[in-house]
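Work through the exercises below with the model open. Try each task before you read its solution.

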Amino acid sequence: MREILSDLEAGRQLSGPDPVRRAQVQLKAPLPKRFYRDAGLAAAGEGFAVHLDGKPARTPGKLPLALPSEAAAALVAAEFAAQEDVVDPVAMPVLRLVNTALDGVAADPQAVLEDILRFAASDLLCYRADGPQGLVDRQNRHWDPVLDWVRVALGARFNLAEGVVHVAQPRESIAVLGAHLARRREPLVLAALHLMTSLTGSALLALAVEQGGLGAEDAWTAAHVDEDWQIEHWGQDAEAVARRAQRKRDFMAAVRLLEALGASPPSGASA
């Protein structure tokens with residue numbers, strides 16, 4: 001199912017969770033020139049459709065580019081409006097996510113749900129360092145409150161391990177998360193949660209943000225505790241900085257989409 005969530009048809013679809021791969025694909029062909037003057041939206045059925053020069057826009061799969069809330073449609077229209085001489089998919093993270101949801105996730109939401117659960121079964125927050133003590137303390141400070149929230153808010157307990165040795169999680173806990181996700185089968189919501197999960201390595205962080213138990217910035221910081229520790233001690237190159245910035249932009253776009261859909265409390269996410 002992760003193939004559905006990657007760039008469909010070798011990047012011709014404006015979707016996919018990996019910003020590095022998207023950038024590589026886009027370098028292979030010149031970006032299309034901006035072909036429209038105005039980007040807006042109009043009521044369509046029970047939702048709102050994105051319009052370009054007054055005509056309904058479509059996904060790469062030829063489906064109407066329509067969303068269930070005006071705020072969500074406005075996010076996509078704003079990305080179209082922000083394009084200048086060319087249309088750059090890398091700079092349109094909400095559009096890519098919406099295309100992924102409509103052209104891919106909608107065809108098999110159960111498979112996406114199960115993929116999120118697979119992340120939860122080996123969640124980042126459950127694997128702790130055995131040293132140095134500074135890193136151990138930092139992991140505990142950022143990760144323990146999230147696990148406490150999951151236990152209290154969702155009723156799921158997770159086992160911890162030191163190092164990379166696999167630790168099995170209680171089936172009951174995975175089942176609880178499955179039931180929680182089953183109430184969020186709307187393709188746009190599932191696509192956003194899956195993207196947040198894959199970018200952080202943690203389904204628990206994604207769910208905590210979606211439910212308002214953790215702010216988006218705090219979740220992003222928590223997801224990079226180990227990486228930041230390494231950076232502080234060994235530094236990083238400009239290419240790594242750019243990759244992380246692209247990934248964060250995609251993560252925050254998913255958060256904004258959830259908020260616009262009314263599926264998540266405001267979290268103060270910013271691009």
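The model is predicted.

**Exercise 1. Describe the setting of His 51**

Task: Decide whether His 51 is buried or exposed, then list what it touches.

Solution: 
- Step 1. Locate His 51. It lies in strand S2 (residues 47-52).
- Step 2. Apply the cut-off. Buried means under 20% relative accessible area. His 51 has 18%, so it counts as buried.
- Step 3. Look for a polar partner. A polar atom of the His 51 side chain lies 3.2 Å from the backbone oxygen of Gly 54.
- Step 4. List the contacts, leaving out residues up to four places away in sequence. His 51 touches Asp 38, Ala 39, Gly 40, Leu 41, Ala 42, Pro 56 and Ala 57.

**Exercise 2. Sort the salt bridges**

Solution: 
- Step 1. Get the total. The whole structure holds ten salt bridges.
- Step 2. Take Asp 250 and Arg 96. Their side chains meet in a salt bridge at 2.5 Å, N to O. Asp 250 lies in helix H11 and Arg 96 in helix H3 (residues 93-103), so the pair ties together parts that are 154 residues apart in sequence. Asp 250 and Arg 96 are both buried.
- Step 3. Take Asp 115 and Arg 118. This salt bridge spans 3.3 Å, N to O. Its residues are three apart in helix H4 (residues 109-121), so about one helical turn separates them. Asp 115 is buried at 2% relative accessible area. Arg 118 is partly exposed at 45%.
- Step 4. Take Glu 239 and Arg 243. Their salt bridge is 3.1 Å, N to O. Both lie in helix H11, four residues apart, about one turn of the helix. Glu 239 is exposed at 56%, and Arg 243 is partly exposed at 33%.
- Step 5. Glu 227, Asp 228 and Arg 244 are joined by salt bridges that share partners.

**Exercise 3. Classify the ring pairs**

Solution: 
- Step 1. Count. There are three aromatic pairs.
- Step 2. Take Tyr 36 and Phe 80. The ring centres are 5.6 Å apart and the planes stand at 85 degrees, so the pair is edge-to-face. Tyr 36 lies in the loop between helix H1 (19-27) and S1, and Phe 80 in helix H2 (residues 70-82), so the pair ties together parts that are 44 residues apart in sequence. Both residues are buried.
- Step 3. Take Trp 220 and Phe 251. Their ring centres lie 5.3 Å apart with planes at 45 degrees, so the pair is tilted. Trp 220 is in helix H9 and Phe 251 in helix H11, 31 residues apart. Both are buried.
- Step 4. Look for a cluster. Ring pairs link Phe 35, Tyr 36 and Phe 80.

**Exercise 4. Find the covered face of H9**

Task: Work out where the buried residues of H9 lie around the helix, and what covers them.

Solution: 
- Step 1. List the buried residues of H9 (residues 216-223). They are Ala 216, Ala 219, Trp 220, Ala 222 and Ala 223.
- Step 2. Look down the axis of H9. These residues fall within an arc of 160 degrees, so they line one face of the helix.
- Step 3. Name the cover. It includes helices H5 (133-154), H7 (187-200), H8 (203-210), H10 (225-234) and H11 (238-260).

Note on methods
Residues numbered from 1 in each chain as written. Predicted model: local features only at pLDDT ≥ 70, side-chain atom pairs only at ≥ 80, totals over all residues. Heavy atoms only, no water. Buried < 20%, exposed > 50% of the residue type's maximum accessible area, 1.4 Å probe, protein only. Helix = DSSP H or I, 4+ residues; strand = E, 2+ residues; numbered from the N terminus. Arc of directions from axis to C-beta. Contact = heavy atoms within 4.5 Å. Salt bridge = Lys/Arg side-chain N within 4 Å of Asp/Glu carboxyl O. Polar contact = N/O pair within 3.5 Å; in protein donor to acceptor, adjacent residues only side chain to side chain. Phe/Tyr/Trp six-rings, centres within 6.5 Å; stacked < 30°, edge-to-face > 60°.
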